[in-house]
Amino acid sequence: MRTLTWATEPEVTLEVYGDPGGWPGQAELRRVILVCAAAAAELPDSPHAPGHPVISGVRPSGTLLWSPLVDGQPRWLFGLLVTLHP
């Protein structure tokens with residue numbers, strides 16, 4: 001059993017908030033969250049540190065969602081499934 005490898009795929013939610021006054025705008029925040037998601041997608045290609053989990057895949061778990069808070073503060077949400085193993 002010790003020679004078996006296994007992986008887990010937790011969901012990570014990226015959240016990008018704007019200022020309560022509405023700055024920056026919806027389009028700018030969308031660009032920020034997409035840059036963050038692109039950076040996360042590059043994690044499997046990064047060097048692995050001994051003793052830390054190995055990220056072997058990152059993929060979207062749904063759609064990019066515009067979801068402002070009740071008080072009108074701008075917010076984007078994006079879910080990622082991160083495949084990793086110890």
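1. Charges. The protein carries 5 positive and 8 negative side chains, and the centres of the two sets are 7 Å apart. Lys and Arg count as positive, Asp and Glu as negative, with His and the chain ends not counted; a charge is placed at NZ of Lys, CZ of Arg, CG of Asp or CD of Glu.

2. Basis. This is a predicted model, in which local features need pLDDT of at least 70, side-chain atom pairs count only at pLDDT 80 or more, and totals for chains, interfaces and linings use all residues. Residues are numbered from 1 along each chain as its sequence is written, and side-chain values use heavy atoms, leaving out hydrogens and water.

3. Salt bridges. The whole structure has 3 salt bridges (a side-chain nitrogen of Lys or Arg within 4 Å of a carboxyl oxygen of Asp or Glu). Glu 9 pairs with Arg 59, with the closest N and O atoms 3.1 Å apart. Glu 9 lies in the segment before β1 (11–17) and Arg 59 in strand β2 (residues 54–60), so this pair ties together parts 50 residues apart in sequence.

4. Second pair. Arg 75 and Glu 15 form a salt bridge at 3.6 Å, N to O. Arg 75 belongs to strand β4 (residues 75–85) and Glu 15 to strand β1, so parts 60 residues apart in sequence are tied together. Arg 75 is buried at 16% relative accessible area (buried is under 20%, exposed over 50%, partly exposed in between; 1.4 Å probe, protein chains only). Glu 15 is partly exposed at 39%.

Methods. Helix = DSSP H or I, 4+ residues; strand = E, 2+ residues; numbered from the N terminus.
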